[in-house]
Amino acid sequence: YVPSHKNAQMNMFPLRLFVAILLSLGFGTAWTTPRPIINLHPAQRFSRVISSECSKLPRLTSEMQNMQNRDTRGSALAVKGGKADQIVKRFPPFVFALNASTKWIVTLAQSIGVWSRTHSFEGPYIVVGSIAATFLTDVLKRWINQGRPEGAPFSDPGMPSSHSLVSFFAAVSWMSTVGTHAGNVGRALLLGSAMTVAALRVACGYHTFAQITVGAIIGSVLGKGWSVLGSALHVSNPNATFVFAWTAYLFGSALFISKKMKSWITHEKAL
């Protein structure tokens with residue numbers, strides 16, 4: 001059997017179609033592929049290189065800036081971490097535990113002083129002054145805006161120390177009020193307690209000596225002035241002073257618990 005010419009052409013059709021597809025793909029690729037830079041004119045080649053390199057500049061600049069920021073943050077954290085590690089190694093853990101408990105001890109002691117003498121205006125009056133001194137310290141810190149020691153785990157300013165100011169305020173107020181009954185031993189205990197609270201803040205690296213000193217001076221002056229004012233008010237109108245002291249104590253305690261004590265059981269629990 002000899003195939004006819006027409007049948008031979010039909011048998012060659014698949015091969016011809018395959019070759020046509022290959023040729024079309026080859027021409028299409030050659031048409032869409034960019035011309036190699038080596039075949040360009042020297043001026044075009046130079047322009048192509050400059051454009052390519054310039055397009056990389058923003059990305060390189062961004063990467064260098066990110067590397068610089070990471071190095072800066074890492075250095076700052078390393079310095080702070082090193083300073084904090086030195087403080088921790090200098091004092092045993094019970095010093096930090098005692099410092100963290102002072103705010104609770106002072107609050108408990110003042111509460112006992114208030115509720116053990118419910119017939120008097122002096123206890124609640126002193127606590128109201130202590131609460132006011134706490135918020136006054138926040139204002140002074142923002143106004144002076146002096147940083148804390150390097151490595152201190154606080155973001156707010158440190159001048160004056162609120163622990164020192166409030167402790168000396170309370171100590172001097174109680175000394176002026178009940179000092180005649182407690183005697184020299186009682187006054188020494190009150191003053192020694194305030195000094196211990198302030199010294200622990202320096203030992204833990206949370207304040208400088210100047211910050212607790214300024215806090216002690218301001219707190220002592222305010223505490224003495226608050227006591228003198230309370231005595232004058234009580235002499236002029238005892239009943240009104242009594243009602244004012246207890247009313248302000250109840251409202252002030254609620255404000256203090258909502259604004260300050262909430263942080264004592266969260267991010268300031270160990271501070």
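Helices here are DSSP runs of H or I with at least four residues, numbered from the N terminus. The model shown in these views is predicted.

**View 1. An aromatic pair within helix α7.** F242 and W246 are 4 residues apart in helix α7, so about one helical turn separates them. The structure holds 7 aromatic pairs. F242 and W246 form one that is tilted, with 6.4 Å from centre to centre and 50 degrees between the planes. W246 counts as buried because its relative accessible area is 12%, under the 20% limit. F242, at 31% relative accessibility, counts as partly exposed.

**View 2. A cluster of aromatic rings.** Ring pairs join W115, F242, W246 and Y249 into a cluster.

**View 3. A nonpolar patch on the surface.** W115, L250 and F251 make a nonpolar surface patch of about 390 Å². F251 belongs to helix α7, which covers residues 238-264. With a relative accessibility of 63%, F251 counts as exposed, the limit for that class being over 50%.

**View 4. Helix α6 and its buried residues.** Helix α6 consists of 28 residues, 209-236. From its first C-alpha to its last, α6 reaches 41 Å, close to the 40 Å expected at 1.5 Å a residue. The buried residues of α6 are Q211, I212, G215, A216, G219, G223, S227 and G230.

**View 5. A charge over a ring.** The charged end of R148 sits over the ring of F154. It lies 4.2 Å from the centre of that ring.

Definitions and conventions. Residues numbered from 1 in each chain as written. Predicted model: local features only at pLDDT ≥ 70, side-chain atom pairs only at ≥ 80, totals over all residues. Heavy atoms only, no water. Patch = residues over 30% accessible without salt bridge, like charges linked within 9 Å, V, L, I, M, F, W, Y side chains within 5 Å. Areas by Shrake-Rupley, 256 points an atom, 1.4 Å probe, with all protein chains shown as cover. Salt bridge = Lys/Arg side-chain N within 4 Å of Asp/Glu carboxyl O. Helix = DSSP H or I, 4+ residues; strand = E, 2+ residues; numbered from the N terminus. Buried < 20%, exposed > 50% of the residue type's maximum accessible area, 1.4 Å probe, protein only. Expected span 1.5 Å × (residues − 1). Phe/Tyr/Trp six-rings, centres within 6.5 Å; stacked < 30°, edge-to-face > 60°. Lys NZ or Arg CZ within 6 Å of the ring centre and 35° of its normal.
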